[in-house]
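Open the model in your viewer and keep the selection panel handy. We will go from stop to stop, and at each one you get something to select and a note on what is there.

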Amino acid sequence: MTWRCCGIEASHPEQLWDWLETAAGGPDNAVAITHNANYSNGQMYNPRYSDGREIDEAYARRRALWEPLAEMFQSKGSSETTPAVSPHDAFAGFEIVASQAFQQVAGASGAAQGQMRWATVRGGLQEGLRQQERIGVNPFPIGFVGGNDGHSGTPGNSEAQNWTGGNCYLDDTADLRLFGEIEGGIPSVLFNPAGLTGVWATENTRDALFDGLRRRETFATSGVRLMPRLFGGWDLNDADVADLAAAGYRKGVPMGAELPPRPADAAGPTFLAYAAKDAVGANLDRIQIVKCWTDRGMVFEKVFDVAASDGRVPGPHGALPPVGDTVDVTTATYRNDIGAAELPAAWTDPEFDPTLACVYYARILEIPTPRWSTYDAVRHGKQLPDRVPASVQQRGWTSPVWYTPSDQDRAQRPDAEGMYTVAQLADRGIRPMTDDQIRAVTIGRTVRSVNLLTGFEATLHYGADGNRSLMGLGDRPVVTPYEIRDGRRIETTLLGERMSVALFSVDGRT
């Protein structure tokens, strides 16, 4: 098993795969685990060869074979997602750390080399579905693991309440941990103790653990030792929660697997989710199912609350009330009198569309507890650092379960009324607008935009200062730079993805 880290003897992933195929002895002996997507400057899930070519089926099959796992969490932060690319995910802003280069580029242009989304594990799942739609094979069918990536020789040292640093002499005192800098100027307080990997295996042996990694029956945590499970199937139901593992293996598939073809009479998949708290840690807040899907080259996501502690149910607008917060930051303590020791759920996707490929994973949240920096500051009589929260909700993530529509299901996808491809417009003699025409209908104007595929409507204002404001994604406008330039297009970004927008005038409508 190898962790792909720094390019020393080789600098391209294709060279790593060559080595794994020969010197390592093949897939029965080795597996590569990518780490730190959040440090990849948007390159981790960039769907291109190292020489810049778009990936093809051969690339997708090699990548899927040799890199079946990805690091969801480690000392340098979470790679799940960010608020910038998942603005509707209330829990997206957990332990966000990015490289200085990424932060500088993102701050300057709204995107990094490649796409911000490609620097997240969730974005990798989405891009995998998008590429599967394009070339027929998913290059990124990734399971989840957690890691340490510390440099003090203390693997498994992930306890927030007694962490003493993970970078040798760079953070071996409270002052250095709370107020120092590491990794070329990143504040060390942004780092955290570590993540952990869990493997569901038939027995506690090297071979069985390796097999569990290979089949992606794994989960990751942010350093706590909670225990989650996830099964999906077409014939699971509420009664199966009582003997979840037995029913899940008998009637469905576990985390890391692909759902079998959909039976003709199945409305949608049902998932059995379960979590038990860390035996010496905090109670649980909720279980969520994160769903990602693709449709005609566009990617989507939605987070569902499927189990909650303390009898909480969603309010009139669909939001689950907060679990509460018992943290006392002055003493770095919390009470376990809220939340639950266990949470079970049977959940059927209410929005399932059998014509669309999708992927599901579970995210489990603990109740709020003091962050390691709060424990550290109180223990040593230091001021609480203001650049990080005083409390956090530690969490775990199960590897996903995938659904791929059959050819018969895919054929039932209706055409989008009123939509044309660029080639179809060209066949009708319709050409893109010129830069001057684009400027005339955009700069200083507010326009209404409708996505004919999803029905999503938004209001956009193209300011004379070079910034575009988009209203409709949340309670605040999303402001990103834009340019109108020589390719007869508008260059901008949306949710961290670079966009090149060509404008056409059809029957007097832009």
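**Before you start.** This is a predicted model, in which local features need pLDDT of at least 70 and side-chain atom pairs count only at pLDDT 80 or more, while totals for chains, interfaces and linings use all residues. Residues are numbered from 1 along each chain as its sequence is written, and side-chain values use heavy atoms, with hydrogens and water left out.

**Stop 1: the cores.** Select Leu230, Ile287, Ile289, Val306, Trp347, Tyr360 and Ile364, the residues with the most contacts inside the largest nonpolar core, which has 34 residues. Such a core is a set of buried Ala, Val, Leu, Ile, Met, Phe, Trp, Tyr and Cys residues joined through side-chain atoms within 4.5 Å. Buried means under 20% relative accessible area, exposed over 50%, and partly exposed in between (1.4 Å probe, protein chains only). Now colour the strands that each supply at least two residues of this core, among them S13 (284-295), S14 (298-308) and S16 (358-366). Strands (E, at least two residues) and helices (H or I, at least four) are DSSP runs, numbered from the N terminus.

Next, centre on Ile287. Beyond its neighbours within four places in sequence, Ile287 is in contact (heavy atoms within 4.5 Å) with residues including Phe304, Leu343 and Ala362. For a second, separate core, of 23 residues, pick Met44, Phe94, Phe144 and Ala357, which are included in that core.

**Stop 2: helix H8.** Select residues 372-380 to see H8, where Trp372, Ser373, Thr374, Tyr375, Asp376 and Ala377 are buried. Gly381 follows H8 and has a positive phi, near 65°.

**Stop 3: H1 and H2.** Select H1 (residues 13-22) and H2 (residues 57-66), whose axes come within 11 Å and cross at roughly 65°. Here axes are lines fitted to C-alpha atoms, for helices over the stretch in contact, and angles run from 0 to 180 degrees between N-to-C directions. Show side chains for Glu14, Trp17, Asp18, Leu20 and Glu21 in H1, which meet Tyr59, Arg62, Arg63 and Trp66 in H2.

**Stop 4: an open sheet.** Which order do the four strands of this sheet have? Follow S11-S10-S12-S15, with antiparallel pairing; two strands pair if DSSP finds at least two bridges between them. S11 (253-254) and S15 are the edge strands, each pairing on one side only.

Stop 5: Select S21 (residues 446-450) and S22 (residues 457-462), an antiparallel pair over five bridges. In this pair, Ser449 has Ala458 in S22 as its bridge partner. S22 also pairs in the antiparallel sense with S23 (residues 467-471), over four bridges. Four residues lie between S22 and S23 in their hairpin, and Gly466 in the turn has a positive phi of about 90°.

Stop 6: Asn36 is not a glycine, yet has a positive phi of about 60°. Asn36 sits in the loop between strand S2 (32-34) and H2. Is Asn36 buried or exposed? Asn36 counts as buried because its relative accessibility is 7%.

Finally, pick Asp149, another non-glycine with a positive phi, about 55°, in the loop between strand S5 (143-146) and H5. With a relative accessible area of 21%, Asp149 is partly exposed.
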